[in-house]
Amino acid sequence: MSGDEASAPAPTDPPAPPSPLARAERFIWLTARVLEQRRFAFHFLGGDPDAVDTALGSYLNADGGYGHALDPDLRGPLSQPLHTAHALRVLDGLGRCAGQRIERLCRHLTRVSTADGALPVVLPAPRAYPAAPYHPVHDDPPGELLTTGPVVGVLHRNRIWHAWLFRATDFCWERVETMRHANPYEVQSAVAFLDGAPDRARAVAAADRLGRLVREQRLVVLDPRRRREYLPYPGCAPGEQLFAHDVAPRPESLARGWFTDEEMRRSLDFLAAGQQPDGGWPVRRLAWAPGSSLERRPIATLEALLTLRAYGRPLAGGPEPDATRPGPALPR
């Protein structure tokens, strides 16, 4: 053996590719708002919940509502129901959906509700701030399950009791139990309500009926490999479809029982594979403004990570789990 051969370094294995979580972290630091950076740090890096709370507070208005494009689809400073729904999801994730802040928020909701006690999607304002074209502004907007359902569901799940909730809850029950031809986003909102509704027996019965409607009307893609066979819902962008993980983002959701273990496994496989080269997940809805699209992707990335973790999918490397966590039985 020559001296050169004796002194040559031993070959080493190539470095392992970055984990999905590491790739997502880089994407978050590169692109996200402070709020999403703080949320990522809290949920995945052991960060301080106070930092998330402080970041969310910058969107809070004097009327008790939230504005300033907290939901990227509505620009401008005004308080809007979509922003309220977004804020409550953040607070729910922190375990801080309580206290005087929520009392003030409920008083605000009372002031902006429609005659039937529900929330519109967009409140009219003296000045027209930019908004996504799929959220048209009406002079006298109707109450919608799209916004009311998620708000009521989160408040009930956190055992909030306020006078505003009585009529808003009745509105949600009426809409959910009489739903015959839903759009996919209404289904998401219905599930958000049912997962928090205090009458659990009634919620289970309503979810069972809604699950059968979803499958009959093909509102959710059951096999992502055959998603081109599912016609897009009117008004949605090409490729804007909902999958099993979109309506059942956690295994304890009532909507988990709408899908077999195999259907959920395929959906989660599709979600995991959707991470893009830059580490973020895509937004499938219509891209209508550069700022909105840029701000939406980190939110979609956080939601994807939280869903994958909820179902036990590895994010920091390691072997795949043996099986997808099962849910309740399929709707009869």
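The model is predicted, so to speak of a local feature takes a pLDDT of at least 70, side-chain atom pairs count only at pLDDT 80 or more, and totals for chains, interfaces and linings use all residues. Residues are numbered from 1 along each chain as its sequence is written, and side-chain values use heavy atoms, with hydrogens and water left out.

Helix 3 is a handy place to start. Helices here are DSSP runs of H or I, at least four residues long, and strands are runs of E of at least two, all numbered from the N terminus. Helix 3 covers residues 34-45, and its buried residues are Leu35, Glu36, Gln37, Arg39, Phe40, Ala41, His43 and Phe44. "Buried" stands for under 20% relative accessible area, "exposed" for over 50%, and "partly exposed" for what lies in between, with a 1.4 Å probe and protein chains only. Those buried residues pack against helix 2 (20-31), helix 4 (49-57), helix 5 (81-94) and helix 13 (290-310), where contact means heavy atoms within 4.5 Å. After helix 3 comes glycine 46, with a positive phi near 70°.

Now for the charged pairs. Side chains of opposite charge can pair when their charged atoms come close. A salt bridge is counted when a side-chain nitrogen of Lys or Arg sits within 4 Å of a carboxyl oxygen of Asp or Glu, and that rule gives 26 salt bridges. One of them joins aspartate 50 to arginine 96, with the closest N and O atoms 2.6 Å apart. This pair links distant parts of the chain, 46 residues apart: aspartate 50 belongs to helix 4, and arginine 96 to the loop between helix 5 and helix 6 (100-112). Aspartate 50 is partly exposed at 39% relative accessibility, and arginine 96 is partly exposed too, at 25%.

Another pair stays within a single helix. Aspartate 208 and arginine 212 both lie in helix 10 (residues 200-216), 4 residues apart, or about one turn of the helix. Their closest N and O atoms are 3.1 Å apart. Aspartate 208 is buried at 16%, while arginine 212 is partly exposed at 31%.

Aspartate 223 is buried at 10%, and arginine 266 is buried at 18%. Salt bridges with shared partners join Asp223, Arg225, Glu262, Arg265, Arg266, Asp269 and Arg313 into one network.
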